[in-house]
Amino acid sequence: MRGLDLEDGAIRGDGPLGILDRFVDHARLREREIEPLGAIVRQLRVRAEGPLQILVSNIDYNDYVGRIAIGRIFRGTAKVNQLMAVLRTDGRIEQARIEELSVFENLKRVPVASASAGEIVAIAGVPDVTI
């Protein structure tokens with residue numbers, strides 16, 4: 001599949017809803033060129049049920065709470081004061097408590113009581129979190 005350039009249009013996805021919107025000029029971009037994207041999106045689906053699973057992809061810092069893990073929930077639901085298992089890079093499993101939980105709305109972080117699979121979250125309470 002060739003890369004999409006700005007002349008071809010844009011593709012926008014929404015993780016929590018599991019949808020992929022296409023804004024393209026179909027005269028210039030044929031359906032078969034987008035089909036591989038559908039296969040990728042199907043692989044990235046989230047599961048609401050099951051134990052909490054978050055992939056941390058960024059770290060922020062706050063003088064008050066320390067390191068803040070930022071990542072996407074792939075399975076389960078995260079709640080404030082919930083205990084969770086943290087898998088360290090050396091294979092150790094530690095326990096941590098979610099002290100603060102925020103989701104992203106536009107460019108702002110909004111504190112919430114819980115967040116479900118598919119959402120990008122910021123979690124405080126995991127000591128020495130790394131990527």
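**Figure 1. Asn 81 in the loop between β5 and β6 of a predicted model.** Asn 81 is placed in the loop between β5 and β6, where the strands are DSSP runs (E, at least two residues) and helices are DSSP runs of H or I with at least four residues, numbered from the N terminus. This is a predicted model, in which local features need pLDDT of at least 70 and side-chain atom pairs count only at pLDDT 80 or more, while totals for chains, interfaces and linings use all residues. Residues are numbered from 1 along each chain as its sequence is written, and side-chain values use heavy atoms, with hydrogens and water left out. The phi of Asn 81 is positive, about 70 degrees, although Asn 81 is not a glycine. With 49% relative accessibility, Asn 81 counts as partly exposed; the classes are buried (under 20% relative accessible area), exposed (over 50%) and partly exposed (in between), with a 1.4 Å probe and protein chains only.

**Figure 2. Val 80 in the loop between β5 and β6.** Strand β5 covers residues 77–79, and Val 80 is found in the loop between β5 and β6. Val 80 is partly exposed, at a relative accessible area of 31%. The C-alpha atoms of Val 80 and Glu 100 are separated by 6.0 Å, although these residues are 20 apart along the chain. Residues up to four places away in sequence not being counted, Val 80 touches Ile 98, Glu 99, Leu 101, Val 112 and Ala 113; a contact means heavy atoms within 4.5 Å.

**Figure 3. Ala 115 in strand β10.** Strand β10 comprises residues 114–116 and contains Ala 115. Is Ala 115 buried or exposed? Ala 115 is buried, because its relative accessible area is 1%. Its contacts, without residues up to four places away in sequence, are Ile 73, Gly 76, Thr 77, Ala 78, Leu 101, Val 103 and Val 121. Between the C-alpha atoms of Ala 115 and Val 80 there are 9.2 Å, and the two residues are 35 apart along the chain.

**Figure 4. Ser 102 in strand β8.** Ser 102 belongs to strand β8, residues 100–105. A relative accessible area of 13% makes Ser 102 buried. Beyond residues up to four places away in sequence, which are not counted, Ser 102 touches Arg 109, Val 110, Pro 111, Val 112, Ile 120, Val 121 and Ala 122. Ile 70 lies 32 residues from Ser 102 in sequence, with 9.3 Å from C-alpha to C-alpha.

**Figure 5. Asn 106 in the loop between β8 and β9.** This loop, which holds Asn 106, leads from β8 to β9 (108–111). Phi of Asn 106 is near 60 degrees, a positive value in a residue other than glycine. Asn 106 is exposed, with a relative accessible area of 78%.

**Figure 6. Arg 88 in the loop between β6 and β7.** Arg 88 lies between β6 and β7 (93–97), in the loop. Arg 88 counts as buried, because its relative accessible area is 13%. Which backbone oxygen does the side chain of Arg 88 reach? The side chain of Arg 88 reaches the backbone oxygen of Pro 127, at 2.8 Å. With residues up to four places away in sequence left out, Arg 88 touches Glu 94, Val 126, Pro 127, Asp 128 and Val 129.

**Figure 7. The largest pocket.** Rolling a probe the size of a water molecule over the atoms shows where empty space is left. A pocket is an open set of points on a 1 Å grid over the protein atoms alone, where a 1.4 Å probe fits, with protein on both sides within 12 Å along at least five of seven lines; lining residues have an atom within 4 Å of a point. The largest pocket has a volume of about 560 Å³, volume being the space filled by probe spheres set on the points, which are joined across faces, edges and corners. Its lining has 23 residues, and Ile 54, Val 56, Ala 85, Val 86 and Leu 87 lie nearest its centre. Two or more lining residues come from each of β3 (53–62), β4 (66–75), β6 (83–87) and β11 (120–124). The lining divides into 17 nonpolar, four polar and two charged residues; Ala, Val, Leu, Ile, Met, Phe, Trp, Tyr, Cys and Pro count as nonpolar, Asp, Glu, Lys and Arg as charged, and the others, Gly among them, as polar.

Terms used: Polar contact = N/O pair within 3.5 Å; in protein donor to acceptor, adjacent residues only side chain to side chain.
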